[in-house]
Amino acid sequence: MAENTSPPPHDRAACDGEALKRMAAAGRDWLDRHHATVNQLNVFPVPDGDTGTNMLMTMRNAVQEAERNGSNHAGQVAALIAHGAMMGSRGNSGTILSQLWQGFAHVLKEQEALSPELLVHGLREAAETAYRGVIQPVEGTILTVAREAAEEAEAAYAETRDMVAILERVVARAKDALERTPEMLPILKKAGVVDSGGSGLVYILEGILLHLQGQAITVEHERAAEAVENLAAALAPEDELGYGYDVQFILQGENLDVNVVRAAIDQMGWSTLVVGDERAIKVHVHVHDPGIPLSYAVSLGTISDIVVENMQEQFHEYVRERAAEQGDPEPEIALPEMDEESVAVVTVASGKGLARVFRQLGAAELIDGGQTNNPSTQEILEAIQRVPTRKVIVLPNNKNIILAAEQAARLATDQEVIVIPTRTMPQGISALLPYDPQGDFEKVAAAMQQAKDEIATGEVTTATRSVELNGVSVQEGQIIGLIDGALAVAGNNIGQVLKDLIAQMCAGDCELITLYYGANVQEDEARALVEELSALYPGPEFELVYGGQAHYHYLVGAE
Amino acid sequence: MRRLLIMTDSTCDLPSAWVERYDIRVVPTYVQFGQESLADDGVQLTRKDFYRRLINTPIYPTTSAPPLGQTQAMMARALDEAEHVLAITAPAKLSSIYNTFHLAAKTLAPHRVTLIDSTQLSMGLGWQVLTAAEMAEAGAELEAIVAAVRAMQPRTHIWAALDSIQSLRSSGRVSWAAAWLGDFFKIKPIIHLHDSEVHSASRVRTTHRAFDTLIQLTRAAAPFSHLAFLHTSNPEGAQRLSEALADLYPQREIVTAEVTPVIGVHVGAKGLGLAVVRKS
């Protein structure tokens, strides 16, 4: 099983479907262990899309898809992995990662087993598919790492037919390419980081190599975290007794047998997760009587880190939070009248207030998401498919969601879909202004495309690390201001940073400034700030709107 | 006795020089500020006074069609002076003016009055009235005039950028605007009047975007046989718009109309627009 990728007796001759699943699982688990490191590699110190998390979510879905299926045919397994990656892809790096798997799977299509030769071809096709998937490929990114890895595989294959030996060289070269990304992409050099997507790919390749070399990769705690992530599914009432209790603990002892404990716990409840080794076992189970698994565990050793939660309450809490966060349904906001031939808009929105604004302007489907919470290709695809029209416009409203949106657009084969590549929420709102559900599809899209560029976006957030960039020096925890994605000002006070930011944004011709205040800002303080700003800058008009977005104290639209 | 007289209502915004030149009979419509009812005949209520009041009034005004009695009286006088009356009015879908004219004609001399629903307002109606008057003076037959006016209608458009959606929303005559419920206070609808329907052509949030959008929409519809600039207490805007579109003028002079109070009530002050007839 994937949660404990214990080293299989490595058979270098036969690398069948099952072996391929284990390889992918190892890549996923190694990335799992390092994804926080990858998340840190942001050019700007903003709580951005979290490349590590996005790639991990993509890999999890990929492996899950393969594991759900019993096939041992390498080609079929590769296709399942590619499909899972595509549907689960989040963020730009996740989407490119899914393209890599697409290319790899294409080469393995009719093959029962993976050979060194197919590995080499697969890596090449993977890189080429990924390059083709990006409109303007940029060097110094995950693409460069993938391409150089493929080149090294070819060079190694000329000298050896040993899969492990080839992969050793591939990983070394991928790491080397990653180290050189700052030389290729000046922005990385300035920020003092290597490319995050490239880094994620290195961890995946390295995980596969470690697995083939016979090293164990275990990631127990993250697995438990994943179980919590799937809360919604887990919380479905299982029987007439209701939701029951969520029980978690760590059992410590000697000569424990994980398989025996798992079998026993499995008998007691549902949603069982039992992982560990002979000295420590992590248990997670849903039961109606928490006493039963706890008593059982005490008979085997000592227990610690006990968490017992009433899932009935959790579920109600969850429902309340969802309702509060999504701000949807908004029963008083009527959707534009639409039929099959109308144009509908699907948009990503972060925060209750922004969701309201998008609804008011006529968006038919909202996808909750944004910074640090990039929706997957599948989520976007499902939103597109929920819309009752054949013509759909998608507003990703985040630079890390554009590729996933484009991928979803290609997958929605029953509908015509145009993605307007909006990079921020204010840009998305600007694009939505000229939207006309009954208009000509191409004309509506063209007007929206034009409108997105008629606004400048300012963002005020808290720096996630220290950096010096664009001549601005920032300490972790300071307040920073960005204009159209580039770091512009820094300071210790939200109000001052906002004023400095608006001073820069209003340097040109500016008529209206819209301020969207975030979830952690009080309306009173926002109103007071707007009054101060109006006095400071008599030129433009100011409008304050509740955004409710996470992480960003203020989003600013200047037009 | 004259052969034909042209009648219309005061939503036509036809400059008074033409009204006098062709002796066009304009029935006034009414604006109510609370208990006070004023005819928008340019005497009881001038445009200048109206827009100043509109901005300052705590009572939002309403509008009404001319009373049947007054319409009958004006139509009866026209029928005394001419063999036949051709009346062209505001759209029945948007106002009861057409119905008032219809009732007046029915009670007076149904066979001597020809009534046309212009499907338009302001100079969108004005251009049809002017065309009818010019043709009548040139001696054209009634049938030819009616055919010419009807042929203009599908080619006639108004685009207007309103300063705010509030008036259109309160007016209640345009369902999409009435349904508008927004967190944005500052939203400027760009409306399109065609074939008796008020459509939302776009939405913008700044006056310079409103201006650019009007220009874009207008250029996409060129060339024109008729073009008039419209505004509600925004002569500077109309002036700039006419300069920006100088190359699109048809052969005739530049026509700028300050929109009559009865329409102003529904669209609000500081609006800007155009009434065009596209070349066929």
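With which side chain does that of Glu148(A) meet in a salt bridge, and at what N to O distance?

Modeller: The model is predicted, so local features need pLDDT of at least 70 and side-chain atom pairs count only at pLDDT 80 or more, while totals for chains, interfaces and linings use all residues. Residues are numbered from 1 along each chain as its sequence is written, chains are lettered from A and ligands numbered from 1 in the order in which they are written, and side-chain values use heavy atoms, with hydrogens and water left out.

The partner of Glu148(A) is Arg173(A), at 2.9 Å, N to O. A salt bridge here is a side-chain nitrogen of Lys or Arg within 4 Å of a carboxyl oxygen of Asp or Glu. Side chains of opposite charge can pair when their charged atoms come close. The two residues are 25 apart in the chain, with Glu148(A) in helix α6 (residues 142–157) and Arg173(A) in helix α7 (residues 163–184). Helices (H or I, at least four residues) and strands (E, at least two) are DSSP runs, numbered from the N terminus.

Glu148(A) counts as buried because its relative accessible area is 6%, whereas Arg173(A), at 21%, is partly exposed. Buried means under 20% relative accessible area, exposed over 50%, and partly exposed in between (1.4 Å probe, protein chains only). The pair is also part of a salt-bridge network, whose members include Glu139(A), Arg147(A), Glu151(A), Asp176(A) and Arg180(A) as well as Glu148(A) and Arg173(A).

Over all chains, the structure holds 41 salt bridges. One of them, in chain B, joins Arg47(B) to Asp13(B) at 2.8 Å, N to O. These two are 34 residues apart: Arg47(B) sits in helix α2 (residues 47–56), and Asp13(B) in the loop between β1 and α1. Arg47(B) is partly exposed at 26% relative accessibility, but Asp13(B) is buried at 4%. Another joins Asp23(B) to Arg2(B) at 2.9 Å, N to O. Asp23(B) lies in the loop between α1 (16–21) and β2 (25–27), 21 residues from Arg2(B) in strand β1 (residues 2–9). Asp23(B) is partly exposed at 27%, and Arg2(B) is partly exposed at 36%.

Between chain A and chain B, the count is four salt bridges. Lys186(B) and Glu541(A) form a salt bridge at 3.8 Å, N to O. On the chain A side, the largest share, four residues, comes from β17(A). By class, that side has 11 nonpolar, three polar and eight charged residues; Ala, Val, Leu, Ile, Met, Phe, Trp, Tyr, Cys and Pro count as nonpolar, Asp, Glu, Lys and Arg as charged, and the others, Gly among them, as polar.

The contact (heavy atoms within 4.5 Å) takes 22 residues from chain A and 19 residues from chain B. The area buried between the chains is about 1,900 Å², of which carbon and sulfur atoms give 47%. Buried area is the accessible area (1.4 Å probe) that two parts lose on being put together, summed over both.
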